[in-house]
Amino acid sequence: MANEVDLILVGGKVILSSSTIINNGAVVIKGNKIVDVGNMDKIIERYKAMEILDRKDSIILPGFTDCHVHTQQMFLRSVINDKLLPMPPLWTEVLIPFEKKLTEEEAYYSSLFSLIQMIKSGVTYFLEAGAPYPEPLAKAILDISGSGIVTKATYDIYKGEKYDVKEIINATKALIEKYKENEHVDVWCSIRQLMMVSDELISNLRELCVDRGITYHLGEYQGEVDFSLTKYGMRPLEAMDALKITNIKPTVIAHGVYLSTEEQRLAKERNLSISWSPTSDSILMGNHWLAFNQYNVNFCLGSDGGALSTLDLLIEAKIARGVGKSLSVSLVYDKASLTSKALFSALTENAGIALNKKIGKIEPGYIANLITMDVRNLIPLIDPIEGIISFATGADVKDVIINGKVVIKDRKFLTINELDIMQRVNDNILSRVKDKIVELIK
Ligand SMILES: [Zn+2]
């Protein structure tokens, strides 16, 4: 008798990873896992599925992972204009104060709105950079049937004020406890920025997070490097290493744009990953990121949230390709750097390595986070990886499967009523949020 499974996806081409593509393939899903992959005729013979999704006219590929997103900055879209953008530093003057002004309800809708945009464009997993309201974010993940890592915005020094370390640590502890068995929500630790944390908070976080995972903004701002050299007598990552925060595994450094050669060597030696945000890194920090990755530190890509980017990682990959190549052409006349294959890996399997999760590949035993993509806009798709990185956007994503469940089918959400949510945001949330923005930037 044939094996009973939940879902079989039948595709024209199946991209298993950046290095393996099969034709006329099928993917078998049971529960939240991929259990088999192979030739469609053999798979159909071997398994009996509750549902078969026929996508012979499409490509099946691993879902993308956003390694650095601020889900609660979504309502700042189009606020950070050319007048505001040069105001230093943007994060202490606009981004953090804005997040602090949100109510829990507004934070929930911002999170949900972000998740809708992310999932529609093929993002099946993400790492929140540090949400002021992690509970509403977790609720949004569960409501949409998404999956990701929640972190609470963590700092104890802000504009001359000092907050209670115990209270901060307890908040993350409670979050860890609440979601410890949850299949959709994982909880990690975060540090907002070296300039905003005391050594006491750092040492408490080190104990709490050692086997859990941490992410922090680092090497994103020249003032931060000067601060670290003044306070610790060393650069930011060297200071983090001296404080032993680099013992926490896994670690995702957000931005890491201003890493010295020694800091890059340290990142490699300590097995830390970097998340680059092509749009915001290029706009705010210049175009030299990537070119200095001479130690081949594992990297993934992040949108940096909806305040500055579209949340469509395929657009981020195109910006990375353009900016990265442009830089190496300018410096050493090398057009072959930062290949499409490297960028595809950054969106998929590198993120799995960075977060230490079985995601980013279509392989038995991996979590069933995958997407299908319409190829009509991409023909002739002679080299699928090149085609996707150079020509596809999130608008080409047709179906999205997260944790084995079909969340979007034929571009329509099955888990939420998207129109209804957008209506609620329009009618009840936006006018209140707009008042707060006007107050903030006047
Ligand atoms: Zn950030």
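How many residue pairs are in polar contact between domain 1 and domain 2, and what else describes this interface?

A: Between domain 1 and domain 2, eleven residue pairs are in polar contact, both residues being at pLDDT 80 or more; a polar contact is a pair of N or O atoms within 3.5 Å, where within protein one must be able to donate a hydrogen and the other to accept it, and residues adjacent in sequence count only if both atoms are side-chain atoms. Strand 1 (3-17), strand 5 (47-62), strand 17 (370-374), helix 14 (384-391), strand 18 (397-402) and strand 19 (405-409) each supply at least two residues to the side of domain 1 that touches domain 2; helices (H or I, at least four residues) and strands (E, at least two) are DSSP runs, numbered from the N terminus. Helix 14 gives the largest share of that side, six residues.

The model is predicted: local features need pLDDT of at least 70, side-chain atom pairs count only at pLDDT 80 or more, and totals for chains, interfaces and linings use all residues. Residues are numbered from 1 along each chain as its sequence is written, and side-chain values use heavy atoms, with hydrogens and water left out.

The rule finds one salt bridge across the interface, a salt bridge being a side-chain nitrogen of Lys or Arg within 4 Å of a carboxyl oxygen of Asp or Glu. The area buried between the domains is about 2300 Å², with 64% from carbon and sulfur atoms; buried area is the accessible area (1.4 Å probe) that two parts lose on being put together, summed over both. In domain 1, Ser18, Ile389 and Ile402 lose the most area to domain 2, together 28% of what that side buries.
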